[in-house]
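Reader: Pick one part of this model and take me through it closely. Give me the cut-offs as you go.

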Amino acid sequence: MEHEGRLSAAVRAVNDRSLSDASTARSLVALPPPPEPVAGCAACTQLAVLRAHARAVGDGSAETDADVLLARHRRQEHERGPRVFRYVPFTIAQDPSAWPEYEARCVSGDEAGCGASSGPCRGPEEVEEWQRRRTRETRHLRYRRCFADYAVLEAVRSRPGPPGATGRTCGPAGRSSTP
């Protein structure tokens with residue numbers, strides 16, 4: 001009997017707390033109606049059948065998932081206006097805000113390449129000097145040289161492009177063309 005009294009007191013406390021929480025709870029937001037399938041669309045029909053099955057078995061999560069997928073499908077496939085593709089020519093130019101990098105790696109050696117590297121340098125002269133020193137020290141004669149820079153694509157203007165422009169233009173899908 002004493003156990004029932006304690007349980008009742010605990011249940012009463014929880015009930016009191018839930019009632020006080022209910023008075024401060026936010027109001028519910030009305031949801032829009034679920035999306036309707038487009039007649040004649042197999043994907044819409046499949047998602048509607050999936051949603052109906054989830055609703056029939058009481059799986060609210062799967063029902064919501066089907067609604068989200070159906071709404072996304074409708075937006076992507078049925079509610080989009082006609083697509084317009086425009087050709088916009090671009091000029092590729094070296095980015096003046098970043099220094100280019102020059103580097104050399106020694107690929108000479110008895111069995112395998114040496115692997116020594118000059119590291120990034122600001123100009124080709126520094127790399128050539130490193131190669132000369134390396135050859136003097138090791139007698140290695142073969143080097144792989146690399147040049148890296150940052151490129152900027154700029155829309156073609158009616159007047160000539162900036163210094164360093166390659167003169168190549170890129171149109172749709174990155175296809176290159178020469179004017």
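Author: Start with Glu-77, which counts as exposed because its relative accessibility is 54%. The scale is simple: buried is under 20% relative accessible area, exposed is over 50%, and partly exposed lies in between (1.4 Å probe, protein chains only). Glu-77 sits in helix 3, residues 60-78. Helices here are DSSP runs of H or I with at least four residues, strands are runs of E with at least two, and both are numbered from the N terminus.

From Glu-77, step across to Cys-41. The two are 36 residues apart along the chain, and their C-alpha atoms are separated by 9.9 Å. Cys-41 is buried, because its relative accessible area is 14%.

Some ground rules. The model is predicted: local features need pLDDT of at least 70, side-chain atom pairs count only at pLDDT 80 or more, and totals for chains, interfaces and linings use all residues. Residues are numbered from 1 along each chain as its sequence is written, and side-chain values use heavy atoms, with hydrogens and water left out. The predictor's confidence in each residue is its pLDDT, from 0 to 100. The protein has a mean pLDDT of 80, with 75% of its residues at 70 or more. Over residues 170-179, pLDDT stays under 50.

A disulfide needs two cysteine sulfur atoms within 2.5 Å. By this rule the count is zero disulfides.

Now the main part: the largest nonpolar core. It holds seven residues: Ala-104, Cys-106, Ala-116, Cys-121, Val-127, Trp-130 and Tyr-143. Strand 2 (101-106) and helix 4 (124-138) are the elements that give two or more residues to this core. Such a core is a set of buried Ala, Val, Leu, Ile, Met, Phe, Trp, Tyr and Cys residues joined through side-chain atoms within 4.5 Å. In soluble globular proteins, nonpolar side chains tend to be buried together.

Cys-121 counts as buried, because its relative accessibility is 10%. Cys-106 makes contacts (heavy atoms within 4.5 Å). Leaving out residues up to four places away in sequence, Cys-106 touches Gly-113, Cys-114, Gly-115, Ala-116, Trp-130, Arg-134, His-140, Arg-142 and Tyr-143.

Next, the rings. Rings of Phe, Tyr and Trp (its six-membered ring) pair if their centres lie within 6.5 Å; planes under 30 degrees apart are stacked, over 60 edge-to-face, the rest tilted. There are two aromatic pairs by this rule. Tyr-102 and Phe-147 form a tilted pair, 5.0 Å centre to centre with 50° between the planes. That pair links distant parts of the chain: Tyr-102 is in strand 2, Phe-147 is in strand 3 (residues 143-148), and they are 45 residues apart. Tyr-102 is partly exposed at 22% relative accessible area. Phe-147 is partly exposed too, at 46%.

Trp-130 and Tyr-143 form an edge-to-face pair, because their planes are at 75°; the ring centres are 5.8 Å apart. This pair also links distant parts of the chain: Trp-130 is in helix 4, Tyr-143 in strand 3, 13 residues apart. Both Trp-130 and Tyr-143 are buried.

Last, the setting. The protein has four helices and six strands. Of its 179 residues, 19% count as buried.
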